[in-house]
Amino acid sequence: FRDFYMPGMTSSGDNNTSTIRVENIAAPILLISGAADLMWPSSIAAERIEKRLKEKGFKYQDTNVIYPAAGHHVTSDVFVTIRSSEVVHPVTKTTMYLGGLPSANAADSRDAFHKKVAFFKSYVTGEK
């Protein structure tokens, strides 16, 4: 599906009605993506979000973590054990390729889990 989304990635900016005004979020933001995501260009979207936040003077902390060899489900803790780069759609029964190397998906999902926990601990409880 990644190629399906790519043309839409060229039309962004303040005049595009589909642009999400991420700078209006009143909280810290944690972005996690895999550069080998075959479902959609999540790492490109994350980079654009990060750029937009900087351009708009976002006053909260934003963190962008991109795992170079991970695919679509890098933030799914299930993939720490499954270590899959493809799934079968439950309705259509077609194989959906999520991308990434299975070993990277597992290791990076584990790392992403720890980053999410630290992020929430930091901003919700004040713990570092």
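Analyst: Of the protein's 128 residues, 34% count as buried. Buried means under 20% relative accessible area, exposed over 50%, and partly exposed in between, with a 1.4 Å probe and protein chains only. This is a predicted model: local features need pLDDT of at least 70, side-chain atom pairs count only at pLDDT 80 or more, and totals for chains, interfaces and linings use all residues. Residues are numbered from 1 along each chain as its sequence is written, and side-chain values use heavy atoms, with hydrogens and water left out.

User: What is the order of the elements from the N terminus on?

Analyst: The order is α-β-α-β-α-β-β-α. That makes four helices and four strands. Helices (H or I, at least four residues) and strands (E, at least two) are DSSP runs, numbered from the N terminus.

User: Why is β1 described as mostly covered?

Analyst: In strand β1 (residues 29–34), five of the six residues are buried.

User: Which residues of α2 are buried, and what do they pack against?

Analyst: Ser-42, Ser-43, Ala-45, Ala-46, Arg-52 and Leu-53 are buried in α2. The buried residues of this helix pack against β1 and β2. Contact means heavy atoms within 4.5 Å.

User: How do you know that the span of α2 is close to the expected one?

Analyst: The expected span of a helix is 1.5 Å times one less than its number of residues. α2 has 14 residues and reaches 20 Å from first C-alpha to last, close to the 20 Å expected. Helix α4 (residues 102–125) has 24 residues and reaches 34 Å, close to the 34 Å expected.

User: Why is the pair of Phe-58 and Tyr-60 called tilted?

Analyst: Rings of Phe, Tyr and Trp (its six-membered ring) pair if their centres lie within 6.5 Å; planes under 30 degrees apart count as stacked, over 60 as edge-to-face and the rest as tilted. A search of the whole structure finds three aromatic pairs. In the pair of Phe-58 and Tyr-60, the centres are 5.6 Å apart and the planes at 55°, so the pair is tilted. Phe-58 has 13% relative accessibility, so Phe-58 counts as buried. Tyr-60 has 29%, so Tyr-60 counts as partly exposed.

User: What makes Phe-119 and Tyr-123 a tilted pair?

Analyst: Their rings are 5.0 Å centre to centre, with 55° between the planes. Both residues lie in α4, four residues apart, about one turn of the helix. Phe-119 counts as buried because its relative accessibility is 13%. Tyr-123, at 36%, is partly exposed. Ring pairs link Phe-119, Phe-120 and Tyr-123 into a cluster.

User: Why does Ser-18 count as exposed?

Analyst: Ser-18 has 54% relative accessibility, so Ser-18 counts as exposed. Ser-18 is found in the loop between α1 (2–5) and β1.
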